[in-house]
Amino acid sequence: MSASILTARHLSKVVPGAEGALTILHPLALDLAAGDSLAIVGASGSGKSTLLGLLAGLDTPSSGEVTLAGNNLTELDEDQRARVRAEQVGFVFQAFQLIDSLTALENVMLPMELEGKPDAAGKAHALLERVGLGHRLRHWPRQLSGGEQQRVAIARAFASEPAVLFADEPTGNLDSHTGQHISDLLFELNRERGTTLVLVTHDERLASRCQRHIRLDAGRLVAATEA
């Protein structure tokens, strides 16, 4: 069995509310090996995105700890967590989050340039070719369809060669036909590059493609299964 790449222990999130403390995520634990794929499913408001944010180091837990690629995120400050994310993590979001003032090529180059990696343009070009957008290198996001924008976002996510890819409703803004193509691409690239995938989705069909599944309900882990 592969070594653990992402673990959580007694992880919870509590925030203040008008009527006292509100528990968004009740304590849970998980352990992912390198190359695993995990779907986090549940209704809107169940805590899926909160859990993803904690696992990725975008937010800090109220209790417990997260270890990602050997880094205990709960022992790091924000700058140190940002460094771990830059080096170890890729993101694909529902809203694409491309930079409007950059071309498709420049959007994919950006994470590599920020890390000072050589030949960012050549690698970005190859990634865009791989996602079927070799003919769109110089296009602005506004000139691309939703599906094309998400392809650029996927290429950008893999540009930094992440150990873990976090995808939050990656097909949520796409029609079912386009969403199918995007999910195919996401899983193909994940297999090719040996990345660990953590996928938040309300789409049961998309979730079924992952090796493991956890279901949240009102912030509680209510089911955990393996395919």
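This is a predicted model: local features need pLDDT of at least 70, side-chain atom pairs count only at pLDDT 80 or more; totals for chains, interfaces and linings use all residues.
Strand β1 covers residues 4-17, and strand β2 covers residues 20-33. The two strands run antiparallel. They are joined by 10 bridges. A hairpin of 2 residues leads from β1 to β2. Across the pair, K13 stands opposite L25 of β2.

The helix pair consists of α3 and α4. Helix α3 spans residues 104-114, and helix α4 spans residues 120-130. Two packed helices are described by the angle between their axes and the distance between the axes. For α3 and α4, the angle is about 125°. Their axes lie 8 Å apart. Angles of 65 to 115 degrees count as roughly perpendicular, and those over 145 as roughly antiparallel. The α3 and α4 helices are therefore oblique to each other. The crossing of α3 past α4 is right-handed.

Helix α3 also contributes to the largest pocket, supplying at least two residues of the lining. In total, 17 residues line the pocket. Of these, V89, F91, P111, L114 and R156 lie nearest the centre. By class, the lining of the largest pocket comprises 10 nonpolar residues, 4 polar residues and 3 charged residues.

How values were computed: Residues are numbered from 1 along each chain as its sequence is written. Side-chain values use heavy atoms; hydrogens and water are left out. On a 1 Å grid over the protein atoms alone, a cavity is a set of points where a 1.4 Å probe fits but cannot get out, and a pocket is an open set with protein on both sides within 12 Å along at least five of seven lines; lining residues have an atom within 4 Å of a point. Helices (H or I, at least four residues) and strands (E, at least two) are DSSP runs, numbered from the N terminus. Ala, Val, Leu, Ile, Met, Phe, Trp, Tyr, Cys and Pro count as nonpolar, Asp, Glu, Lys and Arg as charged, and the others, Gly among them, as polar. Two strands pair if DSSP finds at least two bridges between them. Axes are lines fitted to C-alpha atoms, for helices over the stretch in contact, and angles run from 0 to 180 degrees between N-to-C directions. Angles under 35 degrees count as roughly parallel, over 145 as roughly antiparallel, 65 to 115 as roughly perpendicular and the rest as oblique. A crossing is left-handed if the near helix is turned anticlockwise from the far one by less than a right angle, and right-handed if clockwise.
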